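Please read them alongside the coordinates.

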Amino acid sequence: MPHNILKTGFDTRPITMEPLWLIAFQAPVEDVDRIFDEIIKVVPLRQGKTDRNAYRGASGYEYYRPLEGTPTGAETDTRRRPGVDEVRFFLPRDKGVLDQVIEAIYAVHSYYEPVITVQEVLRSICKGLDDQDNPHRWWNKGGDWKSPDA
C-alpha cells in the first residue's frame, strides 16, 4: 500500500507537518466576529504557542438565487451580495469536535444554509528551534504589525 502523508503527516528538521482538517466558512462581514467567538468557545484553535488562530480573507461578492422553499421565497434574479468574507482555521481530526464546531457556526450564522467546507490537509508546526538571531524573523527586522509605527 502506498504511503499516504495526508493521513500520517511527516517531519523535517524544523517543522512537523501535522494531519488536520481545514475548515472554512463564508459569512457577511458583520457576522464573522460573532461566529468566531462561538467557535473558540468550543475549541481553542491552538497552533504552537498561540491559540485563537484563523485566517479571514478579504471581502468579496456572494452570488445566489433563492428558489421555492427558501424563507424569502423564490426570486427570478441572481442576488449579488457584497461584503462576504471567508474564514479558515484548522481542527484536529476529531469528529466530535467537528460536529460541535459546525453546530456552533450554524447556531449564530445569519444564513439558514451557511457555506461550510472541510478538507483534509497537512499544517506546519514549528519544532521550536533556537533561531532568535535569524535575520528573517520579524522581531529582528524592527518590530511587528502591532507596533505604533506600523
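1. The model is a predicted one. A network of salt bridges links K7, R93 and E120. In total, the structure holds 12 salt bridges. As background, side chains of opposite charge can pair when their charged atoms come close. Three individual pairs are taken up in the next points.

2. Which residue does D11 pair with in a salt bridge? The partner is K127, and the closest N and O atoms are 3.7 Å apart, inside the 4 Å cut-off for a salt bridge. D11 belongs to strand 1 (residues 10–11), whereas K127 sits in the segment after strand 6 (116–126), so this pair ties together parts that are 116 residues apart in sequence. The relative accessibility of D11 is 52%, which counts as exposed. K127 has a relative accessible area of 40% and is partly exposed.

3. R56 and D33 form a salt bridge through their side chains, at 3.4 Å from N to O. R56 is in strand 3 (residues 55–56) and D33 in helix 2 (residues 29–42); the two are 23 residues apart, and the pair links distant parts of the chain. D33 is exposed at 51% relative accessible area, just as the 50% limit requires a value over it. R56, with 34%, is partly exposed.

4. K95 is exposed, its relative accessible area being 52%. D99 is partly exposed, with 31%.

5. Which residues other than glycine have a positive phi? L45 is one of them, with phi near 55 degrees. R52 is another, with a positive phi of about 60 degrees. L45 is located in the loop between helix 2 and strand 3, and R52 is located in the loop between helix 2 and strand 3 as well. Is each of them buried or exposed? L45 counts as buried, at 3% relative accessibility. R52 is exposed, with a relative accessible area of 54%.

6. Helix 2 has D31, V32, I35, F36, I39 and I40 as its buried residues. Viewed down the helix axis, these residues fall within an arc of 160 degrees, so they line one face of helix 2. The list includes the acidic residue D31, which is buried here. On the other side of helix 2, the exposed residues are E30, D33 and K41. D33 is also the residue that forms the salt bridge with R56.

7. What covers the buried residues of helix 2? The cover includes strand 2 (15–28), strand 3, strand 5 (79–91) and helix 3.

Key
Residues numbered from 1 in each chain as written. Predicted model: local features only at pLDDT ≥ 70, side-chain atom pairs only at ≥ 80, totals over all residues. Heavy atoms only, no water. Helix = DSSP H or I, 4+ residues; strand = E, 2+ residues; numbered from the N terminus. Buried < 20%, exposed > 50% of the residue type's maximum accessible area, 1.4 Å probe, protein only. Arc of directions from axis to C-beta. Contact = heavy atoms within 4.5 Å.
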